[in-house]
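Hi everyone, thanks for coming.

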Amino acid sequence: MTFLSKESNGKKMIDKVFEAALRAKKSKKKHGNKVINATLGTLYDEEGILVSFDSVWEEFDKIDSVDKASYAASIQGNPDYLEAVNSWLFGNEKMNSEVIATPGGAGAVSATVKNILDPGQTLIKPSLGWGPYSTIANENNLKLTSYNLFKNNMFDLEDFEKTIKTVLDKEGKALAIINDPCHNPSGYTLSKEEWDKVIEIVNRLSENGPIILLHDIAYIDFSMDQNWNNTLLKLRDLEDNVMAVIAFSLSKTLSAYGMRVGAAVAVTNKNKELEKFKDAMIYTARSTWSTVNNGGMKLFSKINSDPEILNKYKREKLDYILLLKERADIFISEAREVGLDLFPYKEGYFATIDVKNDKLRKALYEKLENEYIFTVDVGTGLRVALCSVEKEKLKGLAKRINDLLLSL
């Protein structure tokens, strides 16, 4: 006997990231500064304190308490927020797009998957990627398949194309996720040439059926290339039978994780399909989260529209982009020196140790925790959150990990 539905009976969320983070916090209480907590993907400063931008929270404090307490202006999102997201992503360029406010990037991914695929259809994800992609597929009664992410330390365009074609030929439609730039968990960023090939592939394959490209840009504001808008503008080159949906997150952009504000931004040449997508997403919003945090939307609109505040934010953010690079330079260079295998890293919050052998990876994971080094098992490797580990603690870490690996 159970009170739950057949679909919900037996569901149990085991989140490797949060479980590892909890163990790390417990260990730190007991063992203090010898603990290296490289678990959560949140940005910490060199004092081990969660980063909160002065440029962001000083402005939030100025928002009237009534506005903070109020519902949003509409289910789709406040009009000035929708405009701000378009402006943030595309600059002054005109895009054939619709913006729907969501609770973080996760809300954008989940609602998009729900409204694009029918139960029993297949969600395409990268072979190495954010764990909740799989959870979202399961929650919506979808099958799951993966394209191989890397070949010769580059994006595996060949398998990306092959996987989409296989699903398209079988089901008549394909939805594929790309997480770029600053990929979680590898730290890879596609080159301009690779993006050109991605556009070429989906355009060509779309002759056989509709293709939806779900572009998860959670970490885009921490790319070393602050002209990343040019990559998003490539979406104007999509054929009529292709739609892109950008999953945007203020969690990373403003270092405002608990605020839960983001957006799904659909881009397609087919106006009728764009309108249908918007309507479906608004329906989903009303039936799940209802409306998005009003104070958060007002804050983002304010930052985006005020040049003085915006420039202050950009200067503050740049300091942390450079800090991330300094941390990465330490870990990546030392990993090369000692021969510790990593998935190809270019920039961003994370680097991942390549350990595809399940038995070996599990043994290393446990050995590291015994040495007070906490990472996240991502299925084919162990993720190291450069975003949350001070430079001093990163020095020598690659060697310690490699020595433990060689001892197994």
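In helix α11 (residues 271–287), E275 and K278 sit 3 residues apart, so about one helical turn separates them. Helices here are DSSP runs of H or I, at least four residues, strands are runs of E, at least two, and both are numbered from the N terminus. E275 and K278 form a salt bridge, with their closest N and O atoms 3.2 Å apart. By salt bridge I mean a Lys or Arg side-chain nitrogen within 4 Å of an Asp or Glu carboxyl oxygen.

A word on the source: this is a predicted model, where local features need pLDDT of at least 70, side-chain atom pairs count only at pLDDT 80 or more, and totals for chains, interfaces and linings use all residues. Residues are numbered from 1 along each chain as its sequence is written, and side-chain values use heavy atoms, leaving out hydrogens and water.

How many salt bridges does a search of the whole structure find? The count is 24. One of them joins R23 and E369, at 3.0 Å between the closest N and O atoms. That pair links distant parts of the chain, 346 residues apart: R23 in helix α1 (residues 16–31) and E369 in helix α14 (residues 358–370).

Now, K125, in strand β3 (residues 122–126).
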